[in-house]
Amino acid sequence: MITIRRVEPDDADAHALWAEQQEDLARRYDAPDLVLETRFDTLVASLVGYSEQGEPVASIVLRWSPYDTGAGSLELKRLFVRPLHRGHGHSKVMMGAAEAIARKAGATRIVLETGTEQPEALALYDRLGYTRIPGYGEYKDEPDSICYGRDLPFRVLVVTGAMGAGKTSVGESAHSALAVRGARTAFIDADTLCEAYPSPPDDTVNQSLLMEALAALAPVYRRRGYGLLVIPRILEDPADRAAIAHALAGPGGIADVAVVRITAPLEERIARLRRRETSQRWLDWAVPRTAEQADELEELAIEDAVVDNSGRPPEDSAAEALDAIGW
């Protein structure tokens, strides 16, 4: 078993492992003058794996790809396990940690390069579901080079809750917090997408229109490299989560959807509704409806977490929501 730590770019343990990797590759490829990159301008994370005795035994680096591999591509570098510690699954553990960080960063794809003289690496990537892709960057015309890629599914946060609970403001704050963190994130106002009249008699909230719109938008957001999507929307049907996941499906598979329900007392929700610039006719419908919705959503229990958005800044509620779903 190893313990994985996130380290600074100039970490001595990481650089020692990279130097050993350089020596290993120089022997394998009979390239004594081989020089490996040790500075990564688009660094996302550098990881070191430590044995139970505290010895640094494994490394991996993640950076945003500087090559023409598609927006949102994250490149893995420096996967290395010291020879005496091989055969214990450490490479797989390091890859799992790297992939988790890639998903949290909003990557839509992972790419990497290895070579013909690294059969252990080739077997690992094949086993983990990576597929061979055309060479990229300086590896494009290297006969000994083999490149791999893996598409990742969208990760989606749906912020649900009764009208007036603060779904949109909390969703916008969550999106902003992710952006500040450096993640590749997009905010989609679902209500705007399906605000159309007339709606079908059996679908007054235009849910089918929303799913069709999301399916049409999914390739656009993927092409632009946005792997995290934040969507405020009231979910009133148990099938809604799966419908969103399939609407946003792509090369990486169906979307990974998390749902957070935002709550606030009825009086506070009504006050928020009244502050909106809208018609009295809409208020006459919305005020009693928000009371019904809160009870219905409580009974539905479609969410992964519940966050109280009463009397607090939406930024605080957003931070709690992101933490609750592990984002």
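Student: Which strands and which helix do the buried residues of helix 3 pack against?

Tutor: This is a predicted model, in which local features need pLDDT of at least 70, side-chain atom pairs count only at pLDDT 80 or more, and totals for chains, interfaces and linings use all residues. Residues are numbered from 1 along each chain as its sequence is written, and side-chain values use heavy atoms, without hydrogens and water. Contact means heavy atoms within 4.5 Å. The buried residues of helix 3 pack against helix 2 (90-104) and strands 4 (73-81), 5 (109-115), 6 (131-133) and 7 (145-151).

Student: Which residues of helix 3 are buried?

Tutor: Helices are DSSP runs (H or I, at least four residues), as are strands (E, at least two), numbered from the N terminus. Buried means under 20% relative accessible area, exposed over 50%, and partly exposed in between (1.4 Å probe, protein chains only). In helix 3, residues 119-127, the buried ones are Ala121, Leu122, Leu124 and Tyr125.

Student: Is glutamate 296 buried or partly exposed?

Tutor: Glutamate 296 lies in helix 9, residues 280-300. Its relative accessible area is 39%, so glutamate 296 is partly exposed.

Student: Which residues is glutamate 296 in contact with, leaving aside its neighbours within four places in sequence?

Tutor: Aspartate 237 is 59 residues from glutamate 296 in sequence and 9.9 Å away in space, C-alpha to C-alpha. With those neighbours left aside, the contacts of glutamate 296 are Glu236 and Arg289.
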